[in-house]
Number of protein chains: 2
Amino acid sequence: MKDPAIFAVLNEIGIIEQLARNRFERAQPDGLRLPHFTVLNHLVRLGDGRTPGAIARAFQVPKAAMTNTLQRLEERGFVRLEPDPADGRAKRVMLTEAGRARREAAVALAAADLAPVAAGLGLEGLLPGLAALRVALDKARG
Amino acid sequence: MKDPAIFAVLNEIGIIEQLARNRFERAQPDGLRLPHFTVLNHLVRLGDGRTPGAIARAFQVPKAAMTNTLQRLEERGFVRLEPDPADGRAKRVMLTEAGRARREAAVALAAADLAPVAAGLGLEGLLPGLAALRVALDKARG
DNA sequence: ACAATATGGTTCAATATCGAACGATATGCA
DNA sequence: TGCATATCGTTCGATATTGAACCATATTGT
């Protein structure tokens, strides 16, 4: 009685995510956590000025968790929270120069740590399939 | 300035893991969490009678977290913790029939939920590459 | 205009997770 | 044997994460 392919794939992905998260966090000198980095990364890649709620939805994470993460990022000076001029309820998350620099540093540290491990595995070949799965899962959440 | 391939791959994997975890946990009727399931799955696939520490190391998770997870599984009657006859410090984690049944049910529920999403994506093709990455990461942890 | 409802973000209590310290038992070595 | 050290699992305090309740502001419908 064999489990379906999706199961085997997600099992591997779960293990890889766990190992990669540990490796990433250990590679950071100042206790920067993966959630913090992912938010910085998101802002760098897709642009800042987004609302906390929009970021929370993008990562499928509760609003309360994003409130916490953004407070930590603000304490560290990596983002600023400004009031939304158009909507009195909302805020806008602005990336600071320090935040952008910290994201680049994190990428460099993680890449230096992971590059030897990933060398010669032909990972580019995985990207289309992974992207297709990600899109399918993303589309399926109602 | 492009990030290396390993980065893009791990980014996709992180998103997929997040979406899949949410989907998995929402599909379970009794609040069974992914950590609980992964332990049950581990015991079913590799055999029970292991020590808590060995399981914690296998998942690269602190011992304290495993203590908690195993206590929850024991409360639910899915595992039993027996003293190790050969080592007075150690315990052995035994899978109960209810635990084995719950694992099968979880697989069935998750598969039913995920199969439509994953249909026609050719996921089998991803398995060798993912396994290679998992092995490389696993080997690289000191 | 105004009441009903929806939305954005925070606060709150409960639970999970983490690293460190701890008591108990094993092992290594003089 | 006896003492130092290592290992096993738990407990502890600090932090993260969650869903629910909450306040403030927007939007909708009449």
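Through which surface do the copies meet, judging by the interface residues of chain B and chain A? The copies meet through the same surface, because 100% of the interface residues of chain B are also interface residues in chain A; contact here means heavy atoms within 4.5 Å. This is a predicted model, in which local features need pLDDT of at least 70, side-chain atom pairs count only at pLDDT 80 or more, and totals for chains, interfaces and linings use all residues. Residues are numbered from 1 along each chain as its sequence is written, chains are lettered from A in the order in which they are written, and side-chain values use heavy atoms, with hydrogens and water left out.

**How the copies are related**

**Aromatic pairs between the chains**
- Over all chains there are 4 aromatic pairs (ring centres within 6.5 Å; planes under 30 degrees apart are stacked, over 60 edge-to-face, the rest tilted).
- One of them is the edge-to-face pair of F7(A) and F37(B), at 6.2 Å centre to centre and 85° between the planes.
- F7(A) sits in helix α1 (residues 5–27) of chain A and F37(B) in helix α2 (residues 34–46) of chain B, so this pair joins two chains (helices are DSSP runs of H or I, at least four residues, numbered from the N terminus).
- F37(A) and F7(B) also pair edge-to-face, with 6.2 Å centre to centre and 80° between the planes.
- That pair crosses from helix α2 of chain A to helix α1 of chain B.

- F7(A) and F37(B) are both buried (under 20% relative accessible area with a 1.4 Å probe, protein chains only).
- F37(A) and F7(B) are buried too.

Definitions and conventions. Phe/Tyr/Trp six-rings, centres within 6.5 Å; stacked < 30°, edge-to-face > 60°. Buried < 20%, exposed > 50% of the residue type's maximum accessible area, 1.4 Å probe, protein only.
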